[in-house]
Amino acid sequence: MNWNYKQPVEIHFGTGILFGMKELTAKAGYSRGLLVTSPSFVKRGIVDRLSAFCEGRICAVFDGVMPNPDVVQVDACAALARNEKCDFIIALGGGSVLDCAKVVSVLALCEKSASDFVGKTVGIPLEHLPLIAVPTTAGTGSEVTSVAVISDHARGVKVPLAADSFFPAMAIVDPELTYSASPYLTACCGVDALCHAIEAYWSRHHQPVCDALAVKAVKMLLANIEDAVYTDYNKTARNNMSEASLIAGLAFAIPKTSSAHACSYPLTNLLGIPHGEACGLTIDHWIRFNYSHGDRRIIELAEALGFSSPDELADRIGEIKKYTGLRTTLADMKLSDAKLQELIEGCKHPNMLNNPVKVEDSDIAALMTALAHG
Ligand SMILES: [Zn+2]
């Protein structure tokens, strides 16, 4: 089997390392930074702290990134980067902020709109501003991938875009930034990371380096998620979740995600379910589905994790969802037939082709109908 591995992101991990931003930005020769973030980090004083650490190197702040960033918002942020003649970007936030900043890093150097990239698999320019990604949640993995998920609400779509120009120059992963996350957010992000690693392992584009990373990530996530969510903001568990989420990001950066992520996009778009919870809703189903359809990869993964069968792994994920309060059904939403049909159509997403066994349209319809009816 032939395979390639590439990981261009310089990674710094550790509690309290945000303090080192001055040295890192100075060493890189950056002078005019745009800080991209969301309103809560301004309110909590983290933007001021980060600006102080950068000692005058941040010349503008865009604090308007909302969950599931829209192309209009991305364009507004890019215009600020161009007007301020920025030479680097810092993204401080969760997946939405990081993904927005990745697209901005390209748009800052060209007169295009983010909507020009939606639906394109080629044609995203290579030239871009260097990006420093500072994740504040343990889940996205976006700090080490070339994928940016953005929405075009006018067209009713949420799509992952992939381009080499989206790789951050640096990832600064400081677990302290996750300590204040609520139990619900911690659970959503942790389950998202679990899906990244599991889907990467069985992806049709799997390869041995990412396999090893995926196994390590799933082990750490399963061992720490409940403590991170509920044990009084347990710092050790949250440090481990941060590290595991970063490793899960490295695991799926090349193989990419598949079935659970394919279903997550319409679940978020049409029903407003947050990304991690949306991925988690179907992951245990896909584990059982792939196992019962003869996929060897899920058997190998379950064995590597110490489970006697993939069903046991699926059961364990079911327990985590129950324990952390993540949804396991859509019955409470009382979906109309038309909405259910729209949901089924939305799940026929290109990521589904990355599932190791073929998924028929009737399989998707059966799954979504079962979830809708409880
Ligand atoms: Zn995800």
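Author: Two strands count as a pair if DSSP finds at least two bridges between them. The model discussed here is predicted.

Reader: What makes strand 2 and strand 4 a pair, and in which sense do they run?

Author: Strand 2 and strand 4 (residues 88–93) share five bridges in the parallel sense. The requirement is at least two bridges, and therefore the two strands pair.

Reader: What is the order of the strands in the open sheet, and which strands stand at its edges?

Author: The sheet has six strands in the order 1-8-5-4-2-3, with parallel pairing. Strand 1 (10–13) and strand 3 each have a single partner strand, so one side of each lacks a neighbour in the sheet and these two stand at the edges. From one strand to the next, the twist averages 15°. The partner of strand 1 is strand 8 (residues 170–173), paired in the parallel sense over four bridges, and F13 has V173 as its bridge partner in strand 8. Helix 5 (residues 95–107) lies across strand 2, strand 4 and strand 5 (131–135), and runs at about 165° to strand 4.

Reader: Why is P67 classed as partly exposed?

Author: P67 has 14 other C-beta atoms within 10 Å. P67 is found in the loop between strand 3 and helix 4 (71–83). P67 and G94, 27 residues apart in sequence, are 8.8 Å apart in space, C-alpha to C-alpha.

Reader: What makes helix 10 and helix 12 parallel or antiparallel to each other?

Author: The axes of helix 10 (residues 275–292) and helix 12 (residues 310–324) cross at roughly 170° and come within 9 Å. Angles over 145 degrees count as roughly antiparallel, and therefore so do these two helices. Residues making the contact include I283, I287 and Y291 of helix 10 and L313, A314 and I317 of helix 12. By class, the contact has seven nonpolar, two polar and four charged residues.

Reader: How do you know whether D315 is buried or partly exposed?

Author: D315, in helix 12, has 15 C-beta neighbours inside 10 Å and counts as partly exposed, because that number lies between the limits of 12 and 20. D315 and R288 are 9.6 Å apart, C-alpha to C-alpha, and 27 residues apart in sequence.

Reader: How many residues of domain 1 and of domain 2 are in contact?

Author: The domain assignment gives domain 1 (10–177) and domain 2 (183–372). Their centres, taken over C-alpha atoms, are separated by 25 Å, and 18 residues of domain 1 are in contact with 23 residues of domain 2. The side of domain 1 that touches domain 2 has five nonpolar, 11 polar and two charged residues.

Note on methods. Residues are numbered from 1 along each chain as its sequence is written. This is a predicted model: local features need pLDDT of at least 70, side-chain atom pairs count only at pLDDT 80 or more; totals for chains, interfaces and linings use all residues. Axes are lines fitted to C-alpha atoms, for helices over the stretch in contact, and angles run from 0 to 180 degrees between N-to-C directions. Angles under 35 degrees count as roughly parallel, over 145 as roughly antiparallel, 65 to 115 as roughly perpendicular and the rest as oblique. Two residues are in contact if their C-beta atoms, placed from the backbone, lie within 7 Å. Ala, Val, Leu, Ile, Met, Phe, Trp, Tyr, Cys and Pro count as nonpolar, Asp, Glu, Lys and Arg as charged, and the others, Gly among them, as polar. Domain bounds come from an automatic or database domain assignment.
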